Amino acid sequence: MPDSRDAMHITGTFQTISRRAVLKGAGAALALPWLEAMMSSKAKAAQKASPRRLGVLFMPNGVRQDQWTPEGEGRDFKLSKTLAPLEHLRDRLVIPTNLWNQASDVGDGHYVKTSGFLTCQTISKSLGFDLNSNGISMDQLVARGIGGQTPLASLELAINPVSIGVDTNVGYTRVYGSHIAWSRPTRPLAREINPRLVF
Amino acid sequence: MCPLRVNDSRNQLGWLSHAFHMLCLSFGTSHAQDLALIEGVAFVQHYCVECHQPPKPKGKLDLSAFTSPEHFIADALAWDRHLHRVRDAEMPPDDEDVPLPSTEERLAFVRWVETTLREAACADGVQPGPPLVRRLNRNEYSASVRHLLDVHFDAGEALPDEGAGGEGFDNAAETLFISPIHAEKYLEAARSVVKYAFADPRSSAHFLIAQPDDATSPLQAASRVLERFLPRAFRRPVKSQEAQSYMELFEEAYASGSGFSGAMQLTLSAVLVSPKFLFISEVPVGSDASVPLTDHELATRLAYFLWGAPPDDVLMGLAERQSLHDLDVLRGEVDRMLKDPHARKVRSVAQTFVEQWLGTRALGREFKPDVSIKGYDSELEGGMKYEPVFFFHEILTENRSLLDLIDADYTYMNRRLSRHYKVKGEFREQPKRVDIADNPHRGGLLGMAAVLAVSSHAHRTSPVLRGKWILETLLGEPPPPPPPNVPLLEESHGKIQPQSLRERLERHREDPSCAACHDRIDPLGFSLEHYDVLGRWRDEVAGLAVDARATLPDGTRFEGPAELKEVLMDRKDQIMRHLTRKMLGFALSRGLTHEDFCAVETILDDLKAHDYASRRLLLGIVESVPFRYKSGSNKTIAK
């Protein structure tokens, strides 16, 4: 564990402009991408064009498959009803089908499938003591690779607070059902649910 | 998947082994204990060994050697996992050629293994758990900052919220992770709260006990401030090298032109992001033996248990004088901590514990009634939410009987809740104590709207959810999960002959594979059918009279909540045992191990001998071995 000597490194942070202080002052009108002045000098130097980003959206209740999958294959596809609003981006879209998460096909649905969404592994059944996703989520693998190009390597966001309690009915802590990003098999990443605080 | 029975000789051996055990039974063994021993082993031999034996044991699990309880005891950790699979009917798998135990056999086997493991764990006396190392949770962080800086804002407001683990609480060490986001948030919070505290003269008087003046240099002033601040922040005496690093930070900041205030703010912010503040960490034990906690470690555990906040100056003083291991002093402290100037802290612990134990924290979050349910608003929600909190707070602070949780002649209502319950009287927005001795519909947890709501669906009541709630929350016997592929319950709309909920749930009773569990679950919930989704009393549902009759598998018949409470009173020891377990888990901030269950039994015996007075539960926990000692070995034992 870091000791109080690490407090010395804090001096540096306090002397650079606090991103949040400025963004707060600028009011709600500011949106992503970050102002260049806010980036560390390393990131600024490396940046020629906007860095490539990865976004993952977890939709717990799924989608209507009959209204999701486009018709046709290759370039000449016809967008489905759900995806129709993306028509103007069709030249930049690839919509794969037939993806299958085998390892989440066991155990109690909610917990295994949520936590295993991006790890493609089966979680260990636990009330917390031996919590283990048995894998690193793919977004974190990506963050390890390209995270240095942006001020924050990754952002984990959510809409609802973490579900309370443990589920003694099936033997899982509800921590499993509330986290999709795992930086290590034993470390789920905490999520920010307040959009104002994200800035 | 288990292979078909190809090898006949092996098959015969399996049956012979079972026959042998049956022979033992028929010869009559000397006492019940032996019968029980044989039963558990026979289960494994009959249902498991077929697949789980050499040459290629399934899942690489060889159970052929399990011929005595000692084998189970030696492999306790693994058996905790196997037990879950047996209980949840995952094992043996539902293949045509594999004999399947009935639900009764499964549950009996699980009970046998658990009893065997717990008795073995207690045979050598109670073992404590390992030294505690865990991050403060959000609420504890806020309370700790408030204690240090005397500020009246919630420093932890921006921290991410936490999930629960262990016995189901968000202070469980096993699920208090730290993510990169925490580092950002702690830095941000430290800066804001320190800045705020410096600007507020009342707060700063609390910790800024020295300022530079004619007689005092800035360095001397800083040193005096830290001398007081650091031990209170780290909840223990601080070595001079530790203080020195913070002095060096102050000097560097001061030298760079920050001024005394700026440099002091930076230094104190640094203390607030130190792991020594953010984590409760107990010193590891050098040897294999278990040792008592240090006085400061005990003071810390005690304070976060009863207050959710750091030890105050009195506790720290006692710790300094090494008096806390004197049981009389410890008992005196428990009494003091539950008394008046600390009421707010005790109430916040009552809230934290009760909301998570009962699941009522879900009110307004995971549970929101459907728009078709009239009368729900934020004042009602507040009244509903705080009723069990104020109630439990009184039980703890006034040393009431814990049996009040099952049935009581008082509760707490605000104005909106009193109207909701149709109770006459003068009420305000703040909940107040109400005598309900003559009220046949209220009394104890099962008359409380919050409990009745979180054990319902959003649009209608569910006897299954309420039965499950009682089994899980009060009795500590959670039912196994339903099998996959259970079809949807048909809703009643549009049918010519309206069916009552009971009729629609008839399948639970007709189908024996459903009845095995539902005969235990549904009756408990049916007896509460007079309460709607929000806990209002009703005599009719959709034009049909409420039928609140119930029959348990053992033949016990009852009707309505008053008789349900009598049935639960008959099982009060089981309920008290489960509550003890929950409170011990909350106090230890981890899940319980087999060893801890010995402590549960000791505490329960004492509780029974004192008419279930709540103070005995708290004292029992605080005086227990797991609470006051830490183990030496690195091996952590799971439950």
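A residue is called buried if 20 or more other C-beta atoms lie within 10 Å of its own, exposed if 12 or fewer do, and partly exposed in between, with C-beta atoms placed from the backbone. These legends describe a predicted model, in which local features need pLDDT of at least 70 and side-chain atom pairs count only at pLDDT 80 or more, while totals for chains, interfaces and linings use all residues. Residues are numbered from 1 along each chain as its sequence is written, and chains are lettered from A and ligands numbered from 1 in the order in which they are written.

**View 1. B:Ala516 sits in helix H22 of chain B.** Helices here are DSSP runs of H or I with at least four residues, strands are runs of E with at least two, and both are numbered from the N terminus. Is B:Ala516 buried or partly exposed? B:Ala516 counts as partly exposed because it has 18 C-beta neighbours inside 10 Å. Leaving out residues up to four places away in sequence, B:Ala516 touches B:Ser102 and B:Thr103; a contact means that the two C-beta atoms, placed from the backbone, lie within 7 Å. B:Pro553 is 37 residues from B:Ala516 in sequence, with 9.2 Å between their C-alpha atoms.

**View 2. Helix H23 of chain B spans residues 560–570.** Its buried residues are B:Pro561, B:Leu564, B:Lys565 and B:Leu568. Looking down the axis of H23(B), these residues fall within an arc of 100°, so they line one face of the helix. That arc is taken over the directions from the helix axis to the C-beta atoms. What do the buried residues of H23(B) pack against? Their partners in chain B are helix H19 (463–474), helix H22 (512–526), strand S9 (557–559) and helix H24 (572–588).

**View 3. The largest nonpolar core has 163 residues.** A nonpolar core is a set of buried Ala, Val, Leu, Ile, Met, Phe, Trp, Tyr and Cys residues joined through C-beta atoms within 7 Å. B:Val193, B:Val271, B:Ala453 and B:Ile621 have the most contacts inside the core. H10(B) gives the most to this core, with twelve residues. Zoom in on B:Ala453 and you find it touching B:Leu363, B:Phe367, B:Met384, B:Val533, B:Leu534 and B:Gly535, again setting aside residues up to four places away in sequence.

**View 4. Chains A and B meet through 40 residues of chain A and 43 of chain B.** On the chain B side, the elements that give two or more residues are helix H7 (180–199) and helix H10 (240–272). H10(B) gives the most, with eight residues.

**View 5. A:Ser124 lies in the loop between helix H5 (109–115) and helix H6 (138–146) of chain A.** A:Ser124 is partly exposed, since it has 18 C-beta neighbours inside 10 Å. Beyond its neighbours within four places in sequence, A:Ser124 is in contact with A:Asp130, A:Asn132 and A:Asn134. A:Asp66 is 58 residues away along the chain, and its C-alpha atom is separated from that of A:Ser124 by 33 Å.

**View 6. Chain A has a mean pLDDT of 77, and 76% of its residues reach 70 or more.** pLDDT is the predictor's confidence in each residue, from 0 to 100. Over residues 1–42 of chain A the pLDDT is below 50, and this stretch has 33 contacts in the model beyond near neighbours in sequence. Where pLDDT is low, the predicted coordinates should not be read in detail.
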